[in-house]
Amino acid sequence: MLAQVLETNAFYKQKFTNVGISHPNDIQTIADYQKLPFTTKDELSNDQVSNPPYGTNLTFPLEEYTCLHQTSGTTGSPLRWLDTKASWDWWGKCWRDIYSAAGVTSADRFMIAFSFGPFIGFWSAYHGAQQLGALTIANGGLSSEQRIRAILSNDVTVVICTPTYALRLVEVAEQEGVDLNRDSCVRVTIHAGEPGASLSATKQRIEDGWGARAYDHAGATEVGAWGVMCRPQAGVHLNEDEFICEVLDTETDKPSDEGELVITNLGRIGMPVIRYRTGDYVRLKSGKCECGSPHRVLEGGVLGRIDDAIIVRGLNVYPATIENIIMKFPDVNEFAVRAYRTETLDELEVQIESTNKNPADTTVAVSNAIRNALGLRTIVKFVPRGSLPRYELKSKRFTDERNL
């Protein structure tokens with residue numbers, strides 16, 4: 001990869017020349033590799049602003065690229081990302097690894113419940129399904145109600161969507177008088193876009209609603225599909241056949257069992273990322289997985305985004321941690337969390353929709369559960385069912401009004 005990148009990729013050629021690296025032979029060992037400078041999302045974004053529309057991280061002439069996607073823009077300005085035919089096929093191969101690990105085959109029937117806009121996540125899942133040779137049900141313009149009917153009428157066995165939308169489809173099915181657990185043929189659900197499917201409470205709720213096994217997957221537009229959950233489901237494997245992965249302490253940037261995930265993708269020569277700071281906070285699991293894979297495992301998948309931590313009265317609170325607490329209450333349909341500042345101190349307010357005939361009982365129980373788990377006092381309020389927003393892609397349940 002470096003042989004081609006150092007010859008024609010202006011972004012990395014300049015970046016590496018600045019630190020004295022001008023030839024692939026300069027990188028012979030892991031120690032050499034770890035001397036390479038990090039790549040950051042801000043750096044890539046600034047490059048695209050300065051060199052519109054695609055920046056200088058292009059290894060080939062523009063005519064060789066066949067796909068254009070962009071990031072969802074949830075953590076800043078969207079990044080545009082280009083793929084060649086070879087790198088797009090590599091994306092599909094990475095998704096085939098995900099399907100294989102979950103026991104999905106060409107005999108399965110897929111619904112990728114997604115709007116198919118410019119976000120890459122499930123386009124790549126679709127490409128992998130096509131490579132697998134599985135029947136895939138087109139549904140990009142359908143409503144949730146129409147998707148439920150299509151799942152039933154086509155005997156869909158695999159559903160792929162965000163964890164939030166999986167729960168939304170369960171809710172819609174119930175409103176339509178459909179029990180997906182009983183009435184559908186779905187046996188596997190695969191989730192990406194947010195960390196819910198590795199949170200025990202959210203995962204259990206998805207599995208109960210669908211009567212299927214829920215699998216987590218992690219990836220990023222600019223990186224690729226790097227996370228694979230196997231059938232023992234003891235965490236998310238790093239796909240170390242296709243990526244060089246490091247976990248670095250967030251204070252020292254030294255190798256650690258817990259910290260930020262840093263990745264180099266090996267199959268995307270046309271527009272690569274090398275030692276890319278993903279911003280994902282992860283924890284390596286000790287020992288080997290019973291599935292037999294030699295690849296390392298992340299305990300709990302992506303634990304949260306480093307820049308998503310909410311600091312409330314001196315405590316670091318990750319949204320995923322709060323979600324895992326709230327989702328353990330079966331009568332909570334939906335929730336929202338906001339941090340705000342009064343004249344004297346910071347507050348965290350949780351709004352919940354509850355099916356409990358006495359919702360005050362649930363608000364007290366949720367408040368106590370958060371306090372017991374995190375040592376944090378919160379304001380928990382009941383709101384009418386259906387009043388909180390629902391999401392098809394990534395949820396936006398957490399807001400920090402202190403920075404607005």
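This note goes through the predicted model point by point, from the chain as a whole to single residues.

1. Basis of the note. The model is predicted, so that local features are described at pLDDT of at least 70 and side-chain atom pairs at pLDDT 80 or more, whereas totals for chains, interfaces and linings use all residues. Residues are numbered from 1 along each chain as its sequence is written, and side-chain values rest on heavy atoms, with hydrogens and water left out.

2. The chain overall. The chain has 12 helices and 20 strands, where helices (H or I, at least four residues) and strands (E, at least two) are DSSP runs numbered from the N terminus. Its radius of gyration is 22 Å, close to the 22 Å that the globule rule gives for 404 residues, so the chain is as compact as a globular protein of that length; the radius is taken over C-alpha atoms, and the rule is 2.2 Å times the number of residues to the power 0.38. Along its principal axes, the C-alpha trace spans about 70 × 55 × 45 Å.

3. Burial, contacts and surface. Of the 404 residues, 53% count as buried, a term that stands for under 20% relative accessible area, with exposed meaning over 50% and partly exposed in between (1.4 Å probe, protein chains only). Among contacts between residues at least 6 apart in sequence, 66% join residues at least 24 apart, a contact being heavy atoms within 4.5 Å. The accessible surface comes to about 17,600 Å², and 49% of it belongs to carbon and sulfur atoms; these areas come from the Shrake-Rupley method with a 1.4 Å probe, and for residues only the protein chains shown count as cover.

4. The sheet of three strands. An open sheet with antiparallel pairing is formed by three strands in the order β8-β9-β13, two strands being paired if DSSP finds at least two bridges between them. The edges are held by β8 (227-228) and β13 (297-298), each of which has a single partner strand, so one side of each is left without a neighbour in the sheet. Strand β9 (residues 236-238) is joined to β13 by two bridges in the antiparallel sense, and within this pairing V236 has L298 of β13 as its bridge partner.

5. The sheet of four strands. A further open sheet, also with antiparallel pairing, has four strands in the order β10-β11-β12-β14. Here β10 and β14 (304-305) stand at the edges with a single partner strand each, so one side of each lacks a neighbour in the sheet. Strands β10 and β11 pair over six bridges, and C245 stands opposite I263 in β11.

6. Backbone details in loops. A cis peptide bond, with omega at about 0°, joins P52 and P53, and P53 is found in the loop between α4 (41-50) and β1 (65-70). Q233, although not a glycine, has a positive phi of about 55°; this residue lies in the loop between β8 and β9 and is buried, with a relative accessible area of 16%. D253 is likewise not a glycine and has a positive phi of about 60°, but D253 belongs to the loop between β10 (243-248) and β11 (258-265) and is partly exposed, at a relative accessible area of 30%.

7. Aromatic pairs. The structure holds 14 aromatic pairs, counted where rings of Phe, Tyr and Trp (its six-membered ring) have centres within 6.5 Å, with planes under 30 degrees apart called stacked, over 60 edge-to-face and the rest tilted. One of them is the tilted pair of Y12 and F16, at 5.4 Å centre to centre and 45° between the planes; these two residues are four apart in helix α2 (residues 10-17), which means that about one helical turn separates them, and both are buried. W88 and W91 have ring centres 6.3 Å apart and planes at 50°, so this pair is tilted as well. Being three residues apart in helix α5 (residues 85-101), W88 and W91 are separated by about one helical turn, and both are buried. Ring pairs also link F114, F116, F119, F122, W123 and Y126 into a cluster.

8. Charges over rings. The charged end of R275 sits over the ring of Y33, 5.6 Å from its centre, while R277 lies over the face of F38, at 4.4 Å from the ring centre. Such an arrangement is counted if NZ of Lys or CZ of Arg is within 6 Å of the ring centre and within 35 degrees of the ring normal.
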